[in-house]
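Here is a short tour of charged side chains and how they pair up. Have the coordinates open as you read.

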Amino acid sequence: MNKFDASTIEQFIAGRSAVQVETVEETSSTQHLAKEYLAHHSDGGPVAFFADRQTAGYGQHGRHYYSPKQTGLYMSILLPAQSMMQFRKSGLMTTATAVVLCQVLERFFPDSELTVKWVNDVYKDRAKIAGILTEAVYQLGNDKANLIMGIGINLTTQVFPDEIKGKAGALSADSRVDRNQLAAELLVALLEMVENYEGGSYLDEYRRRCFLLGRFVSVRTGQEMIEGTAVDITKAGALVVEDGEHHRHVIRSGEVEKVNYK
């Protein structure tokens, strides 16, 4: 697949969104790139970082995200400082991001039918093909925080380490997709989403794509394991699980460890 090139991505974006683009061939993590940039620059407009390969990419709970060269799209978007009240709606941002990823990726890979696993993973054929991570970088002395949205996508990766083999997958074996054009379309769609996600307009589609709903799941929240049927996604993006005694648990953060597909 073609290399990421900042000027090419910006040409594809031209006139549709105001965003600065930075590209590198290799980095530890695009999240780290964004944090380093923020440490040396004052508030400004959004900045997007792309890498052809990550040596220490990570996702939820600090887990390693396998990021080989030339077969994926690894990006982070540094968003302008927001109030802490807005950051408390990060569940809505994550669900909206998942929907936008599905929409854009299906345009470039029309044979793919993508689903989501609450709260931050995109799946194809029961295999994870993309993950989302949103982190806050707090600013001392005020009520604002910068948000860094990290996204990793397995575009054409065919070989995975043993520990994730069978769990991870790719969108396609076809490497003809222009990664710079895909990067540009994702950026335009994601930045548009950031402007209006708080109204929850993406939730209906998120529910339709969420393959957990109606299935028995095991969800870990801290030291507690909640088991039952996933029945809904709330207006705030939380997962609702009904246990065997018909008690409903509203889970705002946690990890779905098991899904009964039967």
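Predicted model: local features only at pLDDT ≥ 70, side-chain atom pairs only at ≥ 80, totals over all residues.

The side chain of R248 meets that of E242 in a salt bridge, with 3.1 Å from N to O.

## Two pairs in helix α6

Helix α6 covers residues 203-209 and holds both D204 and R207. These two are three residues apart, about one turn of the helix, and their side chains form a salt bridge at 3.0 Å, N to O. How accessible is each partner? D204 has 51% relative accessibility and counts as exposed, while R207, with a relative accessible area of 22%, is partly exposed.

The other pair to look at is E205 and R209, whose closest N and O atoms are 2.9 Å apart in a salt bridge. E205 and R209 sit four residues apart in helix α6, which again puts about one helical turn between them. Are these two residues buried or exposed? E205 is buried at 18% relative accessibility, and R209 is buried too, at 14%. Both values fall under the 20% cut-off, which is why the two residues are classed this way.

## The wider set

How many salt bridges does the structure hold? There are 16.

Definitions and conventions
Residues numbered from 1 in each chain as written. Heavy atoms only, no water. Salt bridge = Lys/Arg side-chain N within 4 Å of Asp/Glu carboxyl O. Buried < 20%, exposed > 50% of the residue type's maximum accessible area, 1.4 Å probe, protein only.
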